[in-house]
Amino acid sequence: QYKEYSWECSYSLVRDGKSYATLYKKIKGHIGSLLIIKDSSGHIFGGFARQPWSMKQEGYYGTGETFVFSLEPRLDVFKWSEKNSFFMMLNENAIAMGGGGSFAIYLDSDLHEGTSGRCETFDSPPLSMPSENSDEILDVHTFTCVDLEIWTFK
């Protein structure tokens, strides 16, 4: 339903630097956003949120329109499972999507370290996985963020 909207890159780690304050300033109040992360293993993943990101909300908020996805190494989309309503959260420590078991996406306020795990909200596996050379199979994977963009409706 949003395909006719114009999008703009409101925050880019490369363009705007690793500043959580800048990220929040540039994305707060926008209705509809697309969070995209590239990790040090080359995986690209993210989430769509219809609700504006806000530090004024305590705990989780959002709607069932929220979903998470992976783009690389393959395209997968994970919609709301209806098992819980842990859609999105933003506070002074982190930005996160999903919950119940693990976060689908959790990125610390340094915009450097994060986790992705099996998540009840979206029935999703970890969106960031160890490199192909690893024998590691985990329910939660820690990743290093090398690029981050947040796109919003104009």
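This is a predicted model: local features need pLDDT of at least 70, side-chain atom pairs count only at pLDDT 80 or more; totals for chains, interfaces and linings use all residues.
**Salt bridges and a nonpolar core: a chat**

Me: Which residues do salt bridges with shared partners join into one network?
Reply: Let's build it up pair by pair. Arginine 15 forms a salt bridge with aspartate 16, with the closest N and O atoms 2.9 Å apart. Aspartate 16 also meets lysine 26 in a salt bridge, at 3.6 Å from N to O. Shared partners therefore link these bridges into one network of Arg15, Asp16 and Lys26.

Me: Is aspartate 16 buried or exposed?
Reply: Good one to work through. Buried means under 20% relative accessible area. Aspartate 16 has 19% relative accessibility, so this residue counts as buried.

Me: How many residues apart in sequence are the parts that aspartate 123 and lysine 83 tie together?
Reply: These two form a salt bridge, their closest N and O atoms being 2.8 Å apart. Aspartate 123 sits in the loop between β9 and β10, while lysine 83 sits in the loop between β5 and β6, so the parts they tie together are separated in sequence by 40 residues.

Me: Which residues have the most contacts inside the largest nonpolar core?
Reply: Now for the core, which has 30 residues. Several elements each supply at least two of its residues, including α2, β2 and β10. The residues with the most contacts inside this core are Ile37, Trp53, Ile105 and Leu148.

Notes:
Residues are numbered from 1 along each chain as its sequence is written. Side-chain values use heavy atoms; hydrogens and water are left out. A nonpolar core is a set of buried Ala, Val, Leu, Ile, Met, Phe, Trp, Tyr and Cys residues joined through side-chain atoms within 4.5 Å. Buried means under 20% relative accessible area, exposed over 50%, partly exposed in between (1.4 Å probe, protein chains only). Helices (H or I, at least four residues) and strands (E, at least two) are DSSP runs, numbered from the N terminus. A salt bridge is a side-chain nitrogen of Lys or Arg within 4 Å of a carboxyl oxygen of Asp or Glu.
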